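Take a walk through the model shown here. The tour goes from surface loops to a pair of helices, then to a pocket and a further helix.

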Amino acid sequence: MSTTSFEALACPLDGDPLSRRDGAWRCAAGHSFDIARQGYVHLLPVQNKRSRDPGDSKEMVAARRRFLEAGHYRPIAETVGRAVLAEAPAGGTLSCLDAGCGEGFYLRALRELSSVATESETAQGGAVTLSLLGVDISKWAVLAAAKREKAATWVVGTNAHLPVQAQSLDRVLCLFGFPVYPEFARMLKPGGELLMVEAGPDHLRELREIIYPSLKPPREDDAAAPEGFTRRPGEALRYTIDLEGAEPIADLLAMTPHLHRASAEGREQAAALSSLTLTVDVRLTRLVRE
């Protein structure tokens, strides 16, 4: 499989299609957005920001990069990648967005998996071209992604108002993120698929038992599909990881919402650990655009 960048972007100000020329993305109304020298474009208008520097900080992005590159979530990436490629159109192009892409780990893993896929791993056995798009509200995350992977389009943007043309995507990934179902439905082609990874009830339980005085009961699963989608059979993934040393434990805490939710005492207890065995418990949900 070959890989190409994604071109069907939309102006975040008026929704018109954007075209790339002379180092910028431009719409017919004259709005212009410069492509940074690292290769990404900023399509997050100030009115859609909730803070001056939204999303993950530079330090949080670095922590996530170290943790993910150590391979701890590689089985998740491979599970998602196989699901993305399982019914790839023979001889066609598969357009895939990672909504909340972070530093690009999952799209890089998808590209790597596609490069070694055999004909038996695709639906019809033909050469498929991947068209990749990563969007994140953190400029630091998108900057890190653009530095590592050139065969993709990287955008600073928000899931609430994605700068993507309607019905231009075959797959949308939302991995440990915040799904905005109406936006995802708008962008997906009929028959396109939304793949979500969410934490199961035992995900990182051992860490949560240390940093919280008590654990909340798990949420009940909602079997109903969001409007515009049909649910497909999903998949559960469960395994353990061993973290040795204070740094990977600190990195894991820094890349999760638990960093801000834990008490000062809980963070101190986590910082005192020198090793930790953790349960990874996630659910892959698959929703097809009607």
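A residue is buried under 20% relative accessible area, exposed over 50%, and partly exposed in between, with a 1.4 Å probe and protein chains only. At 34% relative accessibility, Phe176 counts as partly exposed. The model is predicted, so local features need pLDDT of at least 70, side-chain atom pairs count only at pLDDT 80 or more, and totals for chains, interfaces and linings use all residues. Residues are numbered from 1 along each chain as its sequence is written, and side-chain values use heavy atoms, without hydrogens and water.

Stay with Phe176. It lies in the loop between strand E9 (169–175) and helix H5 (181–187). Helices (H or I, at least four residues) and strands (E, at least two) are DSSP runs, numbered from the N terminus. Most residues other than glycine have a negative phi. Phe176 is not a glycine, yet has a positive phi of about 55 degrees. Asp22, also not a glycine, has a positive phi of about 55 degrees. Its loop runs between strand E2 (19–21) and strand E3 (24–26). Asp22 is exposed, with a relative accessible area of 71%.

Now turn to two helices. At what angle do H1 and H4 pack? The angle is about 45 degrees, and the axes are 8 Å apart. Axes are lines fitted to C-alpha atoms, for helices over the stretch in contact, and angles run from 0 to 180 degrees between N-to-C directions. That angle makes H1 oblique to H4. Under 35 degrees counts as roughly parallel, over 145 as roughly antiparallel, 65 to 115 as roughly perpendicular, and the rest as oblique. H1 makes the contact (heavy atoms within 4.5 Å) through Lys58, Val61, Arg65 and Glu69, and H4 through Trp140, Ala141, Ala144 and Arg148.

The second largest pocket holds about 200 Å³ of space. On a 1 Å grid over the protein atoms alone, a pocket is an open set of points where a 1.4 Å probe fits, with protein on both sides within 12 Å along at least five of seven lines; lining residues have an atom within 4 Å of a point. Volume is the space filled by probe spheres set on the points, which are joined across faces, edges and corners. The lining includes Lys58, Arg65, Trp140 and Lys147. H4 gives the most to this lining, with 5 residues.
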